[in-house]
Amino acid sequence: MKRIPTNIITGFLGAGKTTAILSLLARKPKHEKWAILINEFGNIGVDGALLEQQGAIIKEVPGGCMCCVAGLPMSVGINALLAQKPDRLLLEPTGLGHPKEVIHKLTSESYRNYVDLRATITVVDPRHFAESIYTDNVNFQDQLALADVVVANKIDQCDDFDLYTFQTAMEKAEPKKALIAEVEHGRLELEWLDIERTDRQAQHSHHHGHDQTEPLPELELAPGQQFIRKENHGQGYHSCGWFFAADQLFEFSKLFSLFSNLSANRIKAVVNTENGCFAFNVVNQVVSVNELSLEGFESRIEVIDSEILPWDELENILCSITANTVAK
């Protein structure tokens, strides 16, 4: 078996990792088959639905960091994707994870004959470099330290001070990065994937605890069940996600208003509405929406915040704004 070119695409919550991967998939060579292992902090799994539209082979590891020393969920996912004999493998760890153990796994004796690990790319939002909630976070620091390529995303939303703060931080970075770039809308260049990997050390030797040793079961609604709710917490953050039956149609305008007014660090959703299926991406109450061509799809909503939000109240609101409920 030939060694599969492999990249880790990492970055903190809201930096734009999934958008960057979507951009790469849209421009990949048409004859190539790409596989992606997605790790989300929440238990519902939203990103896979977005990436599957681009024709990639997707495997999800929801429910926290996949880079645990036990690492069984990650190994199962990697093995399943390698069995598909892709032309390239991408790994997207959770924004609350650090890639040290992922790199260790991919360069271990178990995978060195099957995986050709190339550049680790860290996507960042330059505005985060002036906020201690990010710069003091050890995962944020490790994601930068282990990166071969650092890409400042969303520069169209940044001012001169944001870019100056980012550029100053990168000038001080040791060892030097193979590439530092600034982009809009997550547009990574394909050639960056093939930059050679350099052995780099994380700034922190600790490893956070996580006791998941088996993959989570697939989400499946019982007959007549309208939704499933799943919660997770760790590393100072809390998530709550909902998985709604495909026949539950949300009112687009009310859902948009809810997301715009909900104070949460991060909201991701793929939702069936009376106007079709849409992807919602919310960072600090700024809502981005993209129409999808999915049909007969179960809606997924994931909310992440540093505080425990009133999940029951939010659930009641979500249930009240389905078009089905209104029609009744």
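Predicted model: local features only at pLDDT ≥ 70, side-chain atom pairs only at ≥ 80, totals over all residues.
E231 has 44%, so E231 is partly exposed.

Seven strands form an open sheet, and their order is β3-β2-β4-β1-β5-β6-β7. The pairing is parallel. β3 and β7 (179-182) are the edge strands, each pairing on one side only. On average, neighbouring strands are turned by 20° against each other, direction ignored.

Start with β2, residues 34-39. Six of its six residues are buried, so the strand is mostly covered. In a regular strand the side chains alternate between the two faces of the sheet. In β2, W34, I36 and I38 point one way. A35, L37 and N39 point the other way. Strand β2 has partners in β4 and β3. Five bridges join β2 to β4 (residues 88-92), and the two run parallel. Here A35 has L89 as its bridge partner. Five bridges also pair β2 with β3 (residues 57-61), again in the parallel sense. There N39 stands opposite V61.

Further along the sheet, β5 (residues 115-124) and β6 (residues 149-152) run parallel and are joined by four bridges. V124 is the bridge partner of A152 in β6.

Charged side chains come next. Side chains of opposite charge can pair when their charged atoms come close. The whole structure holds 12 salt bridges. One of them joins D116 to R118, with the closest N and O atoms 2.8 Å apart. D116 is buried, because its relative accessible area of 18% is under the 20% cut-off. R118 has 22% and therefore counts as partly exposed. R118 also meets D194 in a salt bridge, at 2.5 Å from N to O. That pair links distant parts of the chain: R118 is in strand β5, D194 is in the loop between β7 and β8 (227-234), and they are 76 residues apart. D194 is partly exposed, with a relative accessible area of 39%. R88, D116, R118 and D194 are linked in a network of salt bridges. R88 has a further contact. Its charged end sits over the ring of W34, 5.7 Å from the ring centre.

The aromatic rings give another view. A pair of aromatic rings is described by the distance of the centres and the angle of the planes. The search finds 13 aromatic pairs in the whole structure. F12 and Y134 make one that is edge-to-face, at 5.7 Å centre to centre and 85° between the planes. F12 lies in the loop between β1 (4-10) and α1 (17-27), and Y134 lies in helix α5 (residues 132-135), so the pair ties together parts that are 122 residues apart in sequence. Both residues are buried. F252 and F256 have ring centres 6.3 Å apart and planes at 25°, so this pair is stacked. These two are four residues apart in helix α8 (residues 252-261), about one helical turn. F256 is partly exposed, with a relative accessible area of 32%. One aromatic cluster consists of F12, F129, Y134, F140, F166 and Y237.

C277 is buried, at 3% relative accessibility. C319 is partly exposed, at 27%.

How values were computed. Residues numbered from 1 in each chain as written. Heavy atoms only, no water. Buried < 20%, exposed > 50% of the residue type's maximum accessible area, 1.4 Å probe, protein only. Pairing = 2+ DSSP bridges. Phe/Tyr/Trp six-rings, centres within 6.5 Å; stacked < 30°, edge-to-face > 60°. Lys NZ or Arg CZ within 6 Å of the ring centre and 35° of its normal. Axes fitted to C-alpha atoms, helices over the stretch in contact; angles between N-to-C directions. Salt bridge = Lys/Arg side-chain N within 4 Å of Asp/Glu carboxyl O.
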